[in-house]
Amino acid sequence: MSLSNFSAGADPAHSGSQLTKVTMPALADMKRQGKPISALTAYDYATARVVDEAGIDLMLVGDSLAMVVLGHENTLAVTMDEMLHHTRAVRRAVRRALVVADMPFGSYHGSTEAGVANAIRFIKEAGAEAVKVEGPRTELVRALVEAEIPVVCHLGLTPQSVHRMGGFRVQARTADAARRLRADARALERAGAGAIVLEGIPREAAAAITAELQIPTIGIGAGPDCDGQILVFHDLVNLSFAPAAKFVRRYADAATLFRSAIEHYREDVEHRTFPSDRESYHLPAEVREGRPMSAEDADAVVNNDALQDFGEFSRS
Ligand code: KIV
């Protein structure tokens, strides 16, 4: 068994399977081998389980959770504590994907020291395997690498710069701006970045950066020539309650699916057709018929039924 393989053990979804953990160096190998990298955001245990079981290589606990999970109008308000909380939930679910925690606005903008201290919290307290930072912050990237923390960088449309950019706008639209972006990408690679997310830039600019760098680029709204692609989970399944951006492909309509299931449930409750008798626990026949039965025996019969539902948990 290689050091990066592990048996998923008691996990029923992966039981008996041998998984090769995705690591930051493995992403660079994928680029060298020309294998596309799949990446997706996740913010909680249930979606992270599904995303991991679907074989996605990189899972980003994105600060986009401020918008798609917490309902803010941009990503700026989300806090370290909130990001740590969601990263822990994702970490508990993931067996294979590389778990990357997005450093929230304000957690690395004041000083390099504060940035390193906050990044250490993601690794130590939440189990992240890398952090992501926005912008061409070469000094911070060098310090993080020095602290043994793999870093994913993020260039182009960086949502934490929404006020400076004057909105969520495509970046690197002129030859000069595209040249500056390439120089930033090269500098981040030299500083030790493990990968770079390229967001909201022309395909041609992303292709040039991807061709120039040894480290992988992961695109979102940056065309098909990047080494990998990332989307926001809620956009992919239509749970973001906003018109889809040009680069979003909706692979499912979870909003319609969930709404229909929930309406059905509400109707069943209103018509008293949920729960049915078969979905109810019952007193033992002896008790119902007034025959003698000890409390321990009655308890055992009812709980035997419940144990099948709740397993070991109900014993405690
Ligand atoms: O927070 C996020 O979801 C991101 C992706 C869009 C890359 O940064």
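Predicted model: local features only at pLDDT ≥ 70, side-chain atom pairs only at ≥ 80, totals over all residues.

Mentor: Around the ligand sit Thr 41, Leu 60, Gly 62, Asp 63, Ser 64, Asp 102, His 154, Val 197, Glu 199, Ile 220, Ile 230 and Val 232. By class, five of these shell residues are nonpolar, four are polar and three are charged. Pick out His 154 from that list. His 154 belongs to strand β7, which covers residues 151-156. That strand is our part.

First, its burial. Six of the six residues in β7 are buried, so the strand counts as mostly covered. For the protein as a whole, buried residues make up 35% of the 316 residues.

Now its partners. Strand β6, residues 130-134, runs parallel to β7, and four bridges join the two. Across that pairing, Glu 134 stands opposite His 154.

Next, strand β8, residues 195-199. β8 also pairs with β7 in the parallel sense, here over five bridges. Two other positions in the β8 range, Val 197 and Glu 199, are in the ligand shell.

Finally, step back. The protein has 13 helices and ten strands. Its C-alpha trace spans about 90 × 45 × 40 Å along the principal axes. Of the contacts between residues at least 6 apart in sequence, 56% join residues at least 24 apart.

Note on methods. Residues numbered from 1 in each chain as written. Near = placed C-beta within 6 Å. Nonpolar A, V, L, I, M, F, W, Y, C, P; charged D, E, K, R; others polar. Buried ≥ 20, exposed ≤ 12 C-beta atoms within 10 Å, placed from the backbone. Contact = placed C-beta atoms within 7 Å. Pairing = 2+ DSSP bridges.
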